[in-house]
Amino acid sequence: MAPINSSTDEKTHQALLAQLDMHRVHKPFRNPNWKPPQRRNKNVKQIISEAQRKEASVMATQNNSGTSTPAVPRANSDGSNIAQAAQNLGALVAEKNGKAAVGPAVTYTNVEAPPSLQVKRKYCDITGLPSAYMDPKTRLRYHNAEIFGLIRTMGQGTTEQYLAARGAHTVLK
């Protein structure tokens, strides 16, 4: 192409600008062939609740399995009801499987309860308030800077008594 000079027609100049203008060309923001993924990621809470729902539905169907059979009492040679025995057996198996997976039921009287999974909170040895800090020198837990100043002014015997009250007492030599 010839360079534009004063003798070039204005229409030719405008046509060249229109031809080279990249803003006039339509460009879609997204690829027209792109599709969102079909698989959706689940968080832990969704996975656990889904598993609990599935387990509850299985337990419900196992518990109700005897109710779908006719309630005609059929007694065998020793006089027991077969349908009722089958339902009780299904409930016992489901209960045993539930105990094996989760552990024993937690009640006030049950000694076989598993240990707690909750985080044990730490409390200030002086005030009893929740503490986030521990003095590295004396190993006493404290709530704030004011209590820390008090701990640093205490004697060795006093700090050992506080540690003994908490059950973390060791003899320092």
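Guide: A contact here means that heavy atoms lie within 4.5 Å, and the model to which this is applied is a predicted one.

Visitor: In what order do the elements of the protein chain run from the N terminus on?

Guide: The protein chain contains five helices and two strands. Read from the N terminus on, these elements run α-α-α-β-β-α-α.

Visitor: Which residues does the UniProt annotation "domain: Vps72/YL1 C-terminal" cover, and how far apart are the end C-alpha atoms of that span?

Guide: The annotation comes from an unreviewed UniProt entry and covers residues 122-151. In the model this span is 23% helix and 13% strand. The end C-alpha atoms of residues 122-151 lie apart by 17 Å.

Visitor: Which residue has a positive phi although it is not a glycine, and where is its place?

Guide: Most residues other than glycine have a negative phi. Arg 139, however, has a positive phi of about 65°, and its relative accessible area of 27% makes it partly exposed. The place of Arg 139 is in the loop between strand S1 (133-134) and strand S2 (141-142).

Visitor: Is the aromatic pair of Tyr 133 and Tyr 142 stacked or edge-to-face?

Guide: The structure holds two aromatic pairs, and in the one formed by Tyr 133 and Tyr 142 the rings are 5.5 Å apart, centre to centre. Planes under 30 degrees apart count as stacked. Because the angle between the planes of Tyr 133 and Tyr 142 is 25°, this pair is stacked.

Visitor: Which residues form the aromatic cluster, and which one of them counts as buried?

Guide: Tyr 142 also pairs with Phe 148, with ring centres 5.0 Å apart and planes at 40°, so that pair is tilted. The cluster is formed by Tyr 133, Tyr 142 and Phe 148. Tyr 133 is partly exposed at 45% relative accessible area, and Phe 148 is partly exposed at 27%. With a relative accessibility of 12%, the residue that counts as buried is Tyr 142.

Terms used
Residues numbered from 1 in each chain as written. Predicted model: local features only at pLDDT ≥ 70, side-chain atom pairs only at ≥ 80, totals over all residues. Heavy atoms only, no water. UniProt positions renumbered as here; feature names shortened; annotations may be inferred. Helix = DSSP H or I, 4+ residues; strand = E, 2+ residues; numbered from the N terminus. Buried < 20%, exposed > 50% of the residue type's maximum accessible area, 1.4 Å probe, protein only. Phe/Tyr/Trp six-rings, centres within 6.5 Å; stacked < 30°, edge-to-face > 60°.
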